[in-house]
Amino acid sequence: MTTREMGHDGAPRVSFFNDPVIRGIIYQVVVAALLIAFIYWVVGNTAANLAAQKKTNGFDFLWKTAGFDISFALLPWSRASYYWEALVVGITNTLLVAFIGIIFATMLGFTIGIARLSSNFIIARLAAVYIETIRNIPLLLQLFFWYFAVLKTMPAVRESIALPFDSFINQRGIMVPRPTPDQEFGWVMIAIVVALIVAVAIGGWAARVRTRTGRYPAQIVWPGKLADAVVTFLVTFIAVAVLLGVIFPIQSFVAVSSVVAAAVALGSLTRYAAIAKAALTFFVSFVLFHTLLGFMFGWVPPLVVSLVSALIAVVIGQVVYSNTANRPPSDARFPLALLVLIIVGVPALVYWLTGASLAFEVPVLERFNFKGGLQLPPEFVALAFGLTIYTASFIAETVRAGILAVNRGQTEAAQSLGLKDGDRLRLVIVPQAMRVIVPPLTSQYLNLTKNSSLGAAIGYPELFNVFGGTSISQSGRAIECMAIIMVVYLTFSLITSAIMNWYNSRVRLVER
């Protein structure tokens with residue numbers, strides 16, 4: 001019996017035009033040719049129309065004098081500046097509000113997203129109300145609200161509201177001290193960068209050792225405990241001093257109370273953590289509620305206000321005591337305080353050794369306006385605040401979805417190991433949820449950056465307002481200006497996407 005093997009050579013041949021590979025190449029060439037022809041026709045038709053209207057084109061206008069003012073600019077600006085300088089001012093203003101918005105929206109969004117899943121009914125409901133309310137109101141309407149209904153209703157300049165640290169707020173914005181560093185302060189800036197690199201390196205090394213051995217290296221355990229004590233004392237002292245300094249004018253009372261509160265806070269690092277935290281919580285709650293209730297109900301006798309405030313503070317302190325007593329201090333804490341001490345202590349040491357100086361120009365009220373300091377216009381404040389709380393509502397839902405995507409068994413396994421709620425989130429839940437959170441988070445960052453163009457509606461001089469509005473009306477180069485704006489926004493988007501894609505590749509799960 002004769003058999004014939006059918007190999008590759010025996011496959012039936014097809015005609016040249018019926019080959020799917022060849023046909024695919026032909027289709028792509030045809031589509032590319034049509035696209036090029038369409039672009040050529042659009043460009044030629046536009047050039048012909050401009051020529052018929054006797055309008056010039058080109059980008060030579062960038063080196064001509066702009067001749068208009070910009071209300072807010074990080075860089076030096078005057079009417080004698082060029083159009084390309086106006087472009088740079090618009091870009092820096094856009095990057096400023098986008099950078100601030102991304103940072104605060106991320107912090108607020110993660111906080112609200114985690115609170116949305118809290119077992120506490122009140123916290124979870126408040127987070128849900130925030131999310132559903134903010135994200136269903138148009139952003140432009142929110143910007144109008146914060147600008148016209150909040151900031152523009154502030155008191156006049158002479159009736160400005162005093163804020164801590166020699167700051168003031170009125171109809172013209174927020175006045176804050178302006179930092180004026182000397183030349184030696186450059187060494188401090190270098191020290192800050194070096195300290196950040198060292199802190200990140202130490203933190204990464206400690207985390208890798210913990211992952212490999214189950215505990216942090218002995219070289220940072222005791223320094224970490226000492227740093228905990230130092231940072232806890234300083235942070236508590238500063239926080240209480242600021243809180244009491246705003247309420248009480250007696251400096252000696254503020255200083256003594258701050259020292260006592262900071263000393264009590266040190267007890268939170270010992271086996272008496274529950275008592276120390278409850279006592280500190282009672283003190284802060286009593287001061288806050290006593291001041292708030294006394295301001296709201298001035299007709300109520302002071303003794304009644306004190307009793308009610310004390311009762312509320314006792315309840316809050318009892319809750320803190322119960323939660324802390326059920327979760328004793330852990331020896332496996334990440335040495336965050338040590339890293340903070342490095343980041344703060346090294347630049348402070350360099351500041352002292354080099355004799356650098358960082359003075360602050362305080363705003364001073366004169367006849368019609370403040371002189372000195374740094375003025376944050378209401379347009380900037382309204383845009384940054386509106387973008388932050390609006391984008392945070394979407395980030396919160398993204399975070400909630402990412403956490404819910406983690407298998408419930410991971411939480412139960414972390415509970416069986418005795419991890420506290422914060423450790424479960426930080427070490428188990430959130431790292432696994434980031435692979436789900438990062439892709440939509442990238443879209444929210446891009447949306448925030450592009451939504452900054454809505455600042456033109458309230459007069460903030462961002463990129464679109466400066467170069468897509470004023471520059472077009474002054475130069476008459478609408479096509480060139482809009483093309484530059486589109487390229488700039490495209491560049492912003494590509495850079496943001498590249499950074500987030502790199503981070504996504506670092507946090508994604510790797511198959512073994």
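Is lysine 64 buried, partly exposed or exposed, and what is its relative accessibility? At 42% relative accessibility, lysine 64 counts as partly exposed, because buried means under 20% relative accessible area, exposed means over 50%, and partly exposed lies in between, with a 1.4 Å probe and protein chains only. This is a predicted model, in which local features need pLDDT of at least 70 and side-chain atom pairs count only at pLDDT 80 or more, while totals for chains, interfaces and linings use all residues. Residues are numbered from 1 along each chain as its sequence is written, and side-chain values use heavy atoms, with hydrogens and water left out.

Lysine 64 lies in the loop between helix H1 (20–52) and H2, where helices (H or I, at least four residues) are DSSP runs numbered from the N terminus. Leucine 74 is found in the loop between H1 and H2 too, and leucine 74 is partly exposed, with a relative accessible area of 47%. From the C-alpha atom of leucine 74 to that of serine 119, 45 residues along the chain, the separation is 45 Å, whereas lysine 64 and alanine 276, which are 212 residues apart along the chain, have C-alpha atoms separated by 66 Å.

Alanine 276 leads on to helix H8, where Ala273, Ala274, Ala276, Ala278, Thr281, Ser285, Val287 and Leu293 are buried.

The aromatic rings come next. Rings of Phe, Tyr and Trp (its six-membered ring) pair if their centres lie within 6.5 Å, and planes under 30 degrees apart count as stacked, over 60 as edge-to-face and the rest as tilted; by this rule the count comes to 17 aromatic pairs. One of them joins phenylalanine 185 and tyrosine 351 edge-to-face, at 6.3 Å centre to centre with 80° between the planes. This pair links distant parts of the chain, 166 residues apart, with phenylalanine 185 in helix H5 (residues 185–213) and tyrosine 351 in helix H10 (residues 336–354). Phenylalanine 185 is buried, at a relative accessible area of 13%, but tyrosine 351 is partly exposed, at 32%. Elsewhere, ring pairs link Phe61, Phe68, Trp77, Tyr83 and Phe467 into a cluster.

Charges also sit over rings, a term that requires NZ of Lys or CZ of Arg within 6 Å of the ring centre and within 35 degrees of the ring normal. Arginine 210 lies over the face of tyrosine 216, at 5.1 Å from the ring centre, and lysine 225 lies over the face of tryptophan 222, at 4.4 Å from the ring centre.

Finally, there is open space to consider. A pocket is an open set of points on a 1 Å grid over the protein atoms alone, where a 1.4 Å probe fits, with protein on both sides within 12 Å along at least five of seven lines, and lining residues have an atom within 4 Å of a point. The second largest pocket is lined by 22 residues, of which Leu117, Ser118, Ser119, Asp421 and Leu425 lie nearest its centre. The largest share of this lining, five residues, comes from H13.

Key
Helices (H or I, at least four residues) and strands (E, at least two) are DSSP runs, numbered from the N terminus.
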